[in-house]
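Here are my notes on the two-chain model.

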Amino acid sequence: MRQEHFIVRHEAEWLAIEQWLDARAASPRRARADRGWRGLPDEDFPAAYRRLCQQLGLARRRGYSPQLVARLQELMQRGHAVMYRPPLPRWRRAFEFFLADMPRLVRAESGVMWAALALFAIPLLASFIAVQVKPELIHTLLNVQQVAEYEAMYDPALPKLGRDAESDLAMFGHYIMNTISIGLRTFASGLLAGLGPALALAVNGFMIGGVAGHLQLSGHGDPFWRFVVGHAAFELTAIVIAGGAGLRLGLDLIAPGRRRRIDALVEGGRRGAWLCLGVFAMLLVAAFIEAFWSSIGWIPAWGKYSVGGALWALVLGWLWFGGRDRHAA
Amino acid sequence: MLDTVREVHTPEGVALRLPAAGPIPRALAWAIDFGIRLGLLMAASMVLGVMGEAGMGLYLVLLFAVFWLYPIICEGLFDGQTPGKRALDLRVVSSDGAPVGWLAACVRNLMRTVDMLPFGYACGLVSGLVDPWGRRLGDLVAGTMVVHVPKNRRLPVMEGDGVMAPALPLRPAEQQAIIAFAERAPRLTPERQVELADIAAPATGAQGGEGVRRLAGIAHWLLGKR
């Protein structure tokens, strides 16, 4: 077939596709709201696109002019971007994710999660006990000035817990910047063969355990425990989950099994990103509790501990039971 | 490493060409984005500075957002283009040529943490130089790549009065060469035009100035004028 005949025969289809792409492709939501559309019906677009692809193949094969091939190629690329774009995020889906999918994802990776917990909890307990037995060991972790700062933060005489005079909002920003950055970095550094999260978990465990042990020993224990018990439920579990996701990524790199290494990494990255989304939300909640609840000084110990216990039960129950009633998706 | 165009075959059986972007344009795009982020923070610090302690908290929240969320949100919302990438005509796409999704945008930007190691995106640079399509580690894990957005700008074609069909059928590469000649001709000396047109004498059937005139006519014919 000569080029002129080819164009005459198919021109109308190309124009219809072009008009559809111009009018309806950019935003499905807007397209759905617009009921007055009289051009190519949405449901016919995939078929029209496939025909266009075939015509492009023919035009290339038959050596039609570069002009025509370029025009068809551009239409095809725009069509491809519409056909294969990822689905739009939906709010209902986000709700489902946090209630059910996130705990399922954590349980699905229970091996690395337990490993991350061990990497975090064992150094924590070890350094706590070590400081109880030999108090001077705290100075291997912190210098004198840092020790004094921690002691000042949890001075029983202060009206507010865990800080000097900064306002709640200022500390909220501080917690968000610090803890969430640490969480995300713990996951991402898993790409270094899992060494990043292992190191981050162990170092954090040692530090937290050491500081807690020292404060307990030096008579600052009451304000310290009252301060941390609330937000620790979200913060510590989130850090462990981020570490577990990072370990998973590192394992995918070291031992991809029967998959190609790159496929294992892509898979691990995708799962890790979902987990990071959950970690992000948990740390947001933790920062909120830490800034606006944990610091309140006048609430008696039993109030703090019962709320803290409830939060721990909530988080662990969520991770243990969340999404159990759903079939594997 | 020499052929940086990735050719993907779509499920419909046609080839999609993805011209991978190298480290220099990507670094420039990053620098533009960095400037925008810095500007945002400066503007915010002026406003929030007068609010005292609360302002400090909001500033830190903003700092977090600018550091972690800015690239994710830009790439998710604007079809894989942060303002810097838009300025340099770059785009993040999935490695099969489809638009990048939110999840992939999250992964590739979270992984910046590793690409930045040990300093100045050194890991990302090494990975980008080793990988045939210039992907940094984050791109590898997210299954994405950064491509040049194709520019469909046609140069003005040389003037010509007549339109004429070629004397013999031309292959696509030959057609392209003739159109390219017509686009470049206005910037060439007449002697050079004649020299080049003489090579195409079998198609035009003429030599010298007449050959140039006919070649322009063929180019117009190929571009669809009748």
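1. Chain B puts 42 residues into the contact and chain A puts in 43, two residues being in contact if their C-beta atoms, placed from the backbone, lie within 7 Å. This is a predicted model, in which local features need pLDDT of at least 70 and side-chain atom pairs pLDDT 80 or more, while totals for chains, interfaces and linings use all residues. Residues are numbered from 1 along each chain as its sequence is written, with chains lettered from A and ligands numbered from 1 in the order in which they are written.

2. On the side of chain B that touches chain A, H2(B) gives the most, with 11 residues. Helices here are DSSP runs (H or I, at least four residues), numbered from the N terminus. By class, this side of chain B has 28 nonpolar, 11 polar and 3 charged residues; Ala, Val, Leu, Ile, Met, Phe, Trp, Tyr, Cys and Pro count as nonpolar, Asp, Glu, Lys and Arg as charged, and the others, Gly among them, as polar.

3. H9 of chain A (residues 168-188) packs on H2 of chain B (residues 52-77) at about 20°, the axes being 5 Å apart. Axes are lines fitted to C-alpha atoms over the stretch in contact, and angles run from 0 to 180 degrees between N-to-C directions. H9(A) and H2(B) are therefore roughly parallel (angles under 35 degrees). Their contact includes Phe172(A) and Trp68(B), and has 17 nonpolar, 4 polar and 1 charged residues.

4. Chain A is assigned domain 1 (3-83) and domain 2 (92-321), with bounds from an automatic or database domain assignment. Their C-alpha centres are 52 Å apart.

Methods. Helix = DSSP H or I, 4+ residues; strand = E, 2+ residues; numbered from the N terminus. Parallel < 35°, antiparallel > 145°, perpendicular 65-115°, else oblique.
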